[in-house]
Amino acid sequence: SATQRGGPARHSLRCPTVNASNAIADARHRLGIDIGGTGMKAAIVDVSTGQLVSERARIATPTPATPSAMADVVVQLVSEHRWDGPVGVAFPAIVHNGVVRSAANIDASWLDVDADATFSAATGLAVHMVNDADAAGLAEMHWGAGRDRSGVVIMLTFGTGIGSGLFLDGVLVPNTELGHVELDGVDAEVRAAASARDRDDISWKLWATRVEHYLRHIELLFSPDLFILGGGVSKVAHKWVPRIDIATEVVVAELFNNAGIAGAALVAGRRR
């Protein structure tokens, strides 16, 4: 049955406000940016602890969200933090060696664009991209619900769609996109994403049955040792997670909305 290990570690990413220029001097610090459909968020992260060491800045995602428009916002976020070090960006698409390979949830003009190069040129800094669900999963595996866990761990983020991060003994298998597996003739996220509950105006109980049906399907495909359930709805996990009854252990993500920023910071400065 669904279980939750401990309580949400909200305190782990709450932080004092510090001068960004001081943060830059610490080699443990990286700037993480999390790009979503409605907002682009950024903060400086201590990658030894997962703590945010600056205030979190948020700027609305531009419409249309073209590469040049998004690059302008990234420049603003870098400027707001007075940042001149490595930058990691969590991006809502398949990202292969810095190049965007899908456009299901972003503007089609991004397809086949070298996002690493685009943002690096705009900021003058070394920028490295990662799929947004992979970023959240990296954060949870390092500091959250997946820490010290081996075997097959699957992080699932429930929002507009369903994002996924797949790990084998702590090593990421990138860009799995498990929200797009076919289930009952459609992409699974069409019925099981958090947005589907709002769209169809259904109860938490009924939506939880859809999520359980989806998780059972993923169980059959991957035989995981652990599911970590995240996304915005993880903040109200008590309304739906206890209703899920499957063979695999289920825990709630601990880092909530900061997971994307923290996970992006982990990949900052990496070479493709």
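Colleague: Contact means heavy atoms within 4.5 Å. Which residues of α4 meet α8?

Modeller: This is a predicted model, where local features need pLDDT of at least 70, side-chain atom pairs count only at 80 or more, and totals for chains, interfaces and linings use all residues. Residues are numbered from 1 along each chain, and side-chain values use heavy atoms, without hydrogens or water. From α4, Ala135, Ala136, Leu138, Ala139, Glu140, His142 and Trp143 meet Ala259, Gly260, Ala262, Gly263, Ala264, Leu266 and Val267 of α8. Helices are DSSP runs of H or I, at least four residues, and strands are E runs of at least two, numbered from the N terminus.

Colleague: What classes are those residues?

Modeller: The contact of α4 with α8 has 10 nonpolar, three polar and one charged residues. Asp, Glu, Lys and Arg count as charged, Ala, Val, Leu, Ile, Met, Phe, Trp, Tyr, Cys and Pro as nonpolar, and the others, Gly among them, as polar.

Colleague: At what angle do α4 and α8 pack?

Modeller: About 85°, with 7 Å between their axes, which makes α4 roughly perpendicular to α8. That label covers 65 to 115 degrees; axes are lines fitted to C-alpha atoms over the stretch in contact, and angles run from 0 to 180 degrees between N-to-C directions.

Colleague: New topic. Where is confidence lowest in the chain?

Modeller: In helix α1 (residues 20–24), with a mean of 46, while helix α7 (residues 204–222) is highest at 98. pLDDT is the predictor's confidence in each residue, from 0 to 100.

Colleague: What about residues 1–23?

Modeller: Their pLDDT is below 50, and beyond near neighbours in sequence the stretch has 48 contacts in the model. The chain as a whole has a mean pLDDT of 90, and 90% of its residues reach 70 or more.

Colleague: And the backbone: which peptide bond is cis?

Modeller: The one from Thr63 to Pro64, with omega near -5°. Pro64 sits in the loop between β4 (57–60) and α2 (67–80).

Colleague: Which residue has a positive phi although it is not a glycine?

Modeller: Asp148, at about 65°. Asp148 belongs to the loop between α4 and β9.

Notes. Parallel < 35°, antiparallel > 145°, perpendicular 65-115°, else oblique.
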